[in-house]
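Student: Could you walk me through a structure with me asking whatever comes to mind? I would like to start with the words I need.

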Number of protein chains: 2
Amino acid sequence: MIIIGEKISIIAKKVREAMNSRDPLPIQELAEAQWKAGAHFIDVNIGPAEERGEELMTWMVQSIQKKVKAPLCLDTTNASALEAGLKAHNNEWGKPLINSTSNDPERFVMLELASKYNSQIIALTVGKGGLPADADDRMVIASEIMARAEELGVPMDDIYLDPLILQVCTTQNQAKHSLNAIKMFGELGMKSVVGLSNISNGVPKQMRSLIDRVYLSLLMYEGLSAAILNPLDKELMDVVKTTDVFLGNTLYADSYLEM
Amino acid sequence: MIIIGEKISIIAKKVREAMNSRDPLPIQELAEAQWKAGAHFIDVNIGPAEERGEELMTWMVQSIQKKVKAPLCLDTTNASALEAGLKAHNNEWGKPLINSTSNDPERFVMLELASKYNSQIIALTVGKGGLPADADDRMVIASEIMARAEELGVPMDDIYLDPLILQVCTTQNQAKHSLNAIKMFGELGMKSVVGLSNISNGVPKQMRSLIDRVYLSLLMYEGLSAAILNPLDKELMDVVKTTDVFLGNTLYADSYLEM
């Protein structure tokens, strides 16, 4: 499974301060730590970045890729900042990933950028109509996004469908709907992705990791292709590796947790 | 899911010594601890018990049910010891469970006892031919056992089909076959059970609990009805409770782990 390291986010105080003072070191350290822990992509969440977004994203991409030879997941609602990031991205380390488009026409610009810069893209199965009710609803929205992507010349293989994980503590039945959606996306031959920690949002802090771990294992069992998560959470990564053994993706060896 | 507490086993030195000296206290304490931790059945494994098996099983059943108001899972290959246990069992706390029959004609006596004493029974999907190769093989064996059970008057609802969990470290692909078998048993309307810790047999000790936890969650997702496991392993029980939240078997509350 593809791991997208989530730690470089404007939500984290340390990251925000480093962004504001243009201090690359804390950001580079976080990128390297996640990469060494097994992340295939490093997410770069700069928020809406309404002021100087283009310059910030360019600086972030260059600072991180100076340190790690990994593709980045560019995460902002600001399309021009995103485009600046795509221009700065070193595709030698792999195609970048745009986070994200949806079925809201205001977000189709992200599909256009994916097409223009030969980038991969995360497509949230939400539209203008609000949150999806169940797996079928997610499939309908996914089909609409796929049709629009085809028009714009984005290959299906470059799209990761995201069922939108909702918090289990307030919308418990959605956990099953998202599992079903992951299965249905796979049956369509489409890739899938989740923002894992959404599942435990709002839950007492000491229970979050357990809830994330159990849910991730079930998602993987339904064929999940990628997850945005914290690769520095060793217990979580151990569950990923163990599930991969049961799925036959990894050959069992006594040392499989160290690989 | 039905939890069958596995701790009262002749394999454990403390239990074996208590059995040999007919000291009820250590056994009663283990029974009570498992019951309080959420076990629905207490497994009573006295081994082959070739000498004085009837008297031992009778003493075990009476000692345990003096302390806990739970039905027992009677676990021995000695049919006359097993029958003595069924006679001694207090069915006020629920029907007993026989562990186990299989498709080996020598084990059909256990089905006869289940019929005679209105007991539930675990049916291992193995036959004289040796280990099952895959899920289909397990289904064929299950059908043969079910046909025999019907002849002997054991209701299908009293049978727990056991796919026989094999150790992942030497027979990795069997982990998926057993998951598929659990799903197929459920589709037939049959109950299922596993001896969970078999999956991590032979694995370095510090990894066993992790492997058990991840596998149990996947088994539950496929519809597992019951598991023989260690209910005193809090991390394992927390995974059971969390999986039950995702399956919708438990209503989410911040305190769900304490229930």
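Tutor: Let us begin with a term: helices here are DSSP runs of at least four residues, numbered from the N terminus. Please also keep in mind that this is a predicted model. With that naming, helix H8 (205-221) of chain A and H8 of chain B each supply at least two residues of the lining of the largest cavity.

Student: OK, and what volume does the largest cavity have?

Tutor: The largest cavity has a volume of about 80 Å³, and the structure holds 1 cavity of 30 Å³ or more.

Student: Which residues line the largest cavity?

Tutor: From chain A the lining takes A:Leu210, A:Arg213, A:Val214, A:Ser217 and A:Val239, and from chain B it takes B:Leu210, B:Arg213, B:Val214, B:Ser217 and B:Val239. Sorted by kind, the lining residues divide into 6 nonpolar, 2 polar and 2 charged.

Student: Switching to the two chains, how many residues of chain B are in contact with chain A?

Tutor: In chain B, 33 residues are in contact with 33 residues of chain A. The size of an interface is often given as the accessible area lost when the parts come together. For chain B and chain A, the area buried between them is about 2,900 Å², with 68% of it on carbon and sulfur atoms.

Student: And how many salt bridges are there between chain B and chain A?

Tutor: The count of salt bridges between chain B and chain A is 0, whereas 10 residue pairs are in polar contact there, counting pairs with both residues at pLDDT 80 or more.

Student: Which helices of chain B supply at least two residues each to the side that touches chain A?

Tutor: They are helix H7 (174-187), helix H8 (205-221) and helix H9 (234-246) of chain B, and H8(B) gives the most, with 8 residues. The residues on that side of chain B divide into 22 nonpolar, 6 polar and 5 charged.

Student: Then how many salt bridges does the structure hold over all chains?

Tutor: Over all chains the structure holds 21 salt bridges. One of them pairs A:Lys191 with A:Asp157, whose closest N and O atoms are 3.7 Å apart. This pair links distant parts of the chain, 34 residues apart, with A:Lys191 in strand S7 (residues 191-195) of chain A and A:Asp157 in the loop between helix H6 (135-151) and strand S6 (159-162) of chain A.

Student: Last topic, the backbone: which residues does a cis peptide bond join in chain B?

Tutor: In chain B a cis peptide bond joins B:Asn99 and B:Ser100, with omega about 15°, and B:Ser100 lies in strand S4 (residues 97-103) of chain B. In chain A, the peptide bond from A:Asn99 to A:Ser100 is cis, with omega near 20°.

Methods: Residues numbered from 1 in each chain as written. Chains lettered and ligands numbered in written order. Predicted model: local features only at pLDDT ≥ 70, side-chain atom pairs only at ≥ 80, totals over all residues. Heavy atoms only, no water. Contact = heavy atoms within 4.5 Å. Buried area = accessible area lost by both parts, 1.4 Å probe. Salt bridge = Lys/Arg side-chain N within 4 Å of Asp/Glu carboxyl O. Polar contact = N/O pair within 3.5 Å; in protein donor to acceptor, adjacent residues only side chain to side chain. Nonpolar A, V, L, I, M, F, W, Y, C, P; charged D, E, K, R; others polar. 1 Å grid on protein atoms, 1.4 Å probe; cavity = no way out; pocket = protein on both sides within 12 Å on 5 of 7 lines; lining within 4 Å. Points joined across faces, edges and corners; volume = space filled by probe spheres on them.
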